[in-house]
Amino acid sequence: MFQKYMLIIAIFTVIFCLHTPTRAAEKTDPPKTNLVVNGSFEQGIKSWGYRQWDGLPVPGHVAKENAFAGDNCFVLTEPGTVEPRFIRSNHFTVNLKENYIINVTLALQDIPKNSIKIRVLQYGIPVNNKAPVLGWARPVNKNVYELLPDIHGTADWKTYSIKIPGKSLDGRTQKISIFIMHEKPSIGELKIDAVTCTVQSPQD
Ligand SMILES: [Ca+2]
């Protein structure tokens, strides 16, 4: 009898929950569109560039341990390589009347000073299917294209936020992409996850 009673309570609880809209969901804005494809590396290195067009290998590997978001992160490291390596996101369309916020979450292992850089490259109107490169974005100061203060040593996951006002971009810009560089990839590991670029809204 007791079990039957509990079963009825359980059934009514489920029905009640199914019919009760969650207020948090009602009040929360819909998630913003992330313009970065596969920014969390859940599909491996897909949609990221890394000079494969020059025949170079992936400068690191996808890791499944201790990712910041989801199951995977990317580890930028290449023992034995003295030249800088980078990964860059897909090229995505921007509207110069909007402002954008880029978030990149990084963890560091034995990273040397002045070796990690984040930059944004601008592309113009395609000519013969090839978009001309318009140079690095300089959102704060026309002389500064490094978008991250120097980070080095060993550190746990931290999210870095970068604002890119549309007005700060070259007036001919149609698309941009995000570059994450390790200038001394033979030393230390840079873990990367949850790379996003979203349109800034008034409450940001
Ligand atoms: Ca991830």
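A: Happy to! Let's begin at Val82, which sits in the loop between β2 and β3. Helices and strands here are DSSP runs (H or I over at least four residues for helices, E over at least two for strands), numbered from the N terminus. Bear in mind that this is a predicted model, in which local features need pLDDT of at least 70 and side-chain atom pairs count only at pLDDT 80 or more, while totals for chains, interfaces and linings use all residues. Residue numbers start from 1 along each chain as its sequence is written.

Val82 is exposed, with 10 other C-beta atoms within 10 Å.

Now move to Met181, in strand β9. Met181 is buried, having 20 other C-beta atoms within 10 Å. Its C-alpha atom is separated by 5.9 Å from that of Arg85, 96 residues apart along the chain. Leaving aside residues up to four places away in sequence, Met181 touches Pro84, Phe86, Ile116 and Lys117; contact here requires C-beta atoms, placed from the backbone, to lie within 7 Å.

Lys117 also stands opposite Met181 in the strand pairing. Eight bridges join β6 to β9, and the two run antiparallel; strands count as paired if DSSP finds at least two bridges between them. Another partner of β6 is β7 (residues 133-136), paired in the antiparallel sense over three bridges, with Leu121 bridged to Trp136 in β7. Six of the eight residues of β6 are buried, so this strand is largely enclosed by the rest of the structure.

From here we reach the largest nonpolar core, which has 34 residues. Such a core is a set of buried Ala, Val, Leu, Ile, Met, Phe, Trp, Tyr and Cys residues joined through C-beta atoms within 7 Å. Val104, Ile178, Ile180 and Ile192 have the most contacts inside this core. At least two core residues come from each of β2 (73-76), β3 (85-88), β5, β6 (116-123), β9 (175-182) and β10 (189-199), and β5 gives the largest share, six residues. Ile192 touches Cys73, Phe74, Leu76, Val104, Leu106 and Ile180, not counting residues up to four places away in sequence.

Next comes the sheet that includes β2, β5 and β10. This open sheet has five strands in the order β1-β2-β10-β5-β8, with antiparallel pairing. β1 (60-63) and β8 (153-165) are at the edges with a single partner strand each, so one side of each has no neighbour in the sheet. The twist averages 25° from one strand to the next, using axes fitted to C-alpha atoms and angles from 0 to 180 degrees between N-to-C directions. β5 (residues 99-111) pairs with β8 over 10 bridges, and Asn103 stands opposite Ser161 in β8.

Finally, the wider setting. Of the contacts between residues at least 6 apart in sequence, 80% join residues at least 24 apart.

Conventions:
Two residues are in contact if their C-beta atoms, placed from the backbone, lie within 7 Å. A residue is buried if 20 or more other C-beta atoms lie within 10 Å of its own, exposed if 12 or fewer, and partly exposed in between; C-beta atoms are placed from the backbone.
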